[in-house]
Amino acid sequence: MIHREDQGDVAVLRMADGKVQALDLELVEALEAGLDSVERDGCPALVLTGTGSTFSAGMDLFRVLEE
């Protein structure tokens with residue numbers, strides 16, 4: 001879901017969840033864990049990106065409607 005690649009002093013976190021990285025509980029928890037690891041490692045810079053042509057479609061409304 002969240003892939004980390006370090007490029008020198010820059011940590012790159014890439015969201016890779018479905019076609020448009022729609023935010024659901026699992027993706028948010030994975031993102032939080034990724035951000036915690038970057039902070040814990042003391043990386044001075046962070047890039048957060050999506051996969052493909054979309055950063056994120058926002059909240060996963062289909063999951064919200066299921067609840």
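This is a short tour of a predicted model, from the whole chain down to one residue.

**Whole chain.** Start with everything shown. The C-alpha atoms fill a box of roughly 40 × 25 × 15 Å along the principal axes. Colour by secondary structure: the protein chain has two helices and three strands. From the N terminus, the order is β-β-α-β-α. Of the 67 residues, 22% are buried.

**The sheet.** Select the three strands. They form an open sheet in the order β1-β2-β3, with mixed pairing. β1 (2-7) and β3 (45-49) are the edge strands; each has a single partner, so one side of each lacks a neighbour in the sheet. On average, neighbouring strands are turned by 20° against each other, direction ignored.

**β2 against β3.** Keep these two strands on screen. They pair in the parallel sense, over five bridges. For one example, pick V10: its bridge partner in β3 is A45.

**The core.** Next, show side chains for I2, A11, L13, M15, L27, L31 and V38. These seven residues make up the largest nonpolar core. β2 (10-15) and α1 (25-40) are the elements that give two or more residues to this core.

**A11.** Zoom in on this core member. What does A11 touch, leaving out residues up to four places away in sequence? Its contacts are R4, E5, D6, V38, C43, A45, L46 and V47.

**Back to the whole chain.** Zoom out and draw the contacts. Among those with a separation of 6 or more, 67% join residues 24 or more positions apart.

Definitions and conventions. Residues numbered from 1 in each chain as written. Predicted model: local features only at pLDDT ≥ 70, side-chain atom pairs only at ≥ 80, totals over all residues. Heavy atoms only, no water. Core = buried A, V, L, I, M, F, W, Y, C linked by side-chain atoms within 4.5 Å. Buried < 20%, exposed > 50% of the residue type's maximum accessible area, 1.4 Å probe, protein only. Helix = DSSP H or I, 4+ residues; strand = E, 2+ residues; numbered from the N terminus. Contact = heavy atoms within 4.5 Å. Pairing = 2+ DSSP bridges. Axes fitted to C-alpha atoms, helices over the stretch in contact; angles between N-to-C directions.
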